[in-house]
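Here is a short briefing on a ligand site and on the spaces inside and around a protein. Take a look at the model first, and then we can go through it together.

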Amino acid sequence: MNIGILGAGYVGLTTGICLATLKHKIIIYDKDLKKIAKIKNKNMPFYEQGLQNLLEETISNGCLRVTENINELVKNTDGCFICVGTPTNENNSIDLTQVMDATYSLAQSIENNKKSNYVIILRSTVIPTTTTQKILPYLREKLSRPFGLCVVPEFLREGQALEDFMSPDKIVIGSIDEKSKLFVEKIFEYFNNATLFLTNPETAELIKYTNNSFFSMLISFSNEIANIAETISGVDPFNVLKALISDKRITTNFNGTKIVPSLETYLIPGCGFGGSCFPKDVKAILNYAASKKIKTPILNAVIEINDERPQKIVSLAESILGSLQDKQISILGLTFKPNTDDMRSSPALEAIKLFQAKRAKIFAYDPMIRNDFVSDNKFLNFNLCKSIEECLTHSELAIIFTKWQEFKSIDSNLLKTHMKNPVLIDGRGFLDESKFEKNRYYKIGYVE
Ligand code: NAD
């Protein structure tokens, strides 16, 4: 099938590359022409495991190409995914500027090309009713020929995007018309193991927010349990939650084999969730609920608990070091999770701001962040190191923010060799405590 994609970000480019590997003919347009040039040269504009090779392969075999001209994209395709960003405004409402701009350009190109029955597939995460109340009326006004419109939310996780895209557990199609539903069903026919939800646009939109709200809630629940545990000497919240996970209503027993659900990775205390989805999506749905005067105590608490996590780390640092002024602190991990280079709403960056307000000196290391000029055109205003060792040198406190596998090598000897004061806060609680001396290793939520 001939399919267009608007937006070559984490979702758009992943979608394009993956569909091209299924031998669809894909054309991608992004208004960021530097990104387009990079992709044209077969270079990924961001890191996602497995995608660089597939990008090279699909461009070389002609299944994937990029264009600087949206008219050309529409001319050569029968439908197009809109995969542009949906950030939040200052007041936490959803910012639909990119979605409306993309819809506007697409509508113009459909008209210019006199295309009939062109299918527009909204892949970006949008608040319920956006499609029927904002996009549909706009398209009806601008398009003189019949068209298709549907919402097909994306559920991939950064760091596992390829696997998530190629083995989806569900495909949700919220369509307004039969032709868009059939078009999308055909695109995804390869994924016959996925549960198919054929529904209306509003339901599809709410399914996406329900997903992200639920997993954010599990993380904040775990952090609330950690907040309680840390008031009771000797109670390790990590063990408390492991016991919860072993409950047979969560870990099922299939013919004598225990099946631990992957949601266990959300039932772990830590320095909080970040990234480009959970924080912004929970805030956007809260803002929508408030506009409808709906009470949302659970989701309010999810954000409130999460917003406190970076401060928790700073308070723990103060309880160890006293005043933080002029103290050298090593930040290990800047991305919001491992196996990505995405630092959007990263807890580490939030904590760094708080440390800097206390005049601490920040040295940071992340295996994926190699340059102090990062992709969203921001300079990092702290010392970026090239190795764990460089980051630890002369430091008085090291803090792990991201569960990078590389940090598993950290032990007491490494800290003693490089640091002025060899103390570590394990903000993700994932190192082996037995590798550290007493009073040198702190795990969030646990007090001996
Ligand atoms: P992103 O910021 O990485 O990419 C968006 C891209 O759209 C950018 O390259 C930008 O230049 C481009 N763009 C903006 N306006 C454009 C226009 N008018 N025409 C063409 N291109 C335009 O965003 P993302 O992380 O890929 O997220 C995209 C959407 O998918 C969001 O709604 C997000 O909530 C949702 N989503 C993201 C993830 C994720 O893990 N990142 C997962 C599921 C859903």
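The shell around the ligand draws on both domain 1 (2-199) and domain 2 (236-443), with at least three residues from each; the domain bounds come from an automatic or database domain assignment. This is a predicted model, in which local features need pLDDT of at least 70 and side-chain atom pairs count only at pLDDT 80 or more, while totals for chains, interfaces and linings use all residues. Residues are numbered from 1 along each chain as its sequence is written, and side-chain values use heavy atoms, with hydrogens and water left out.

**Who surrounds the ligand**

- There are 27 residues around the ligand, and Asp 30, Lys 35, Thr 86, Glu 158 and Lys 280 come nearest (near means that a heavy atom of the residue lies within 4 Å).
- By type, the shell splits into 10 charged, 9 nonpolar and 8 polar residues (Ala, Val, Leu, Ile, Met, Phe, Trp, Tyr, Cys and Pro count as nonpolar, Asp, Glu, Lys and Arg as charged, and the others, Gly among them, as polar).

**Atom pairs and cover**

- Lys 280 has a side-chain N or O atom 2.7 Å from an oxygen atom of the ligand.
- Glu 158 places a polar side-chain atom 2.7 Å from a nitrogen atom of the ligand.
- Val 11 takes part through its backbone, with an N or O atom 2.8 Å from a ligand oxygen atom.
- On its own the ligand has 830 Å² of accessible area, and the protein covers 91% of it (Shrake-Rupley method, 1.4 Å probe).
- Helix 1 (10-21) and helix 5 (97-112) are the elements that give two or more residues to this shell (helices are DSSP runs of H or I with at least four residues, strands are runs of E with at least two, and both are numbered from the N terminus).
- Helix 5 provides the largest share of the shell, 3 residues.

**The second largest pocket**

- Among the 18 residues that line the second largest pocket, Leu 316, Tyr 442, Lys 443, Tyr 446 and Val 447 lie nearest its centre (on a 1 Å grid over the protein atoms alone, a pocket is an open set of points with protein on both sides within 12 Å along at least five of seven lines, and lining residues have an atom within 4 Å of a point).
- Helix 12 (297-321) and strand 18 (441-443) each supply at least two lining residues, and helix 12 gives the most, with 4.
- The lining of this pocket holds 7 nonpolar, 4 polar and 7 charged residues.

Notes:
A polar contact is a pair of N or O atoms within 3.5 Å; within protein, one must be able to donate a hydrogen and the other to accept it, and residues adjacent in sequence count only if both atoms are side-chain atoms. On a 1 Å grid over the protein atoms alone, a cavity is a set of points where a 1.4 Å probe fits but cannot get out, and a pocket is an open set with protein on both sides within 12 Å along at least five of seven lines; lining residues have an atom within 4 Å of a point.
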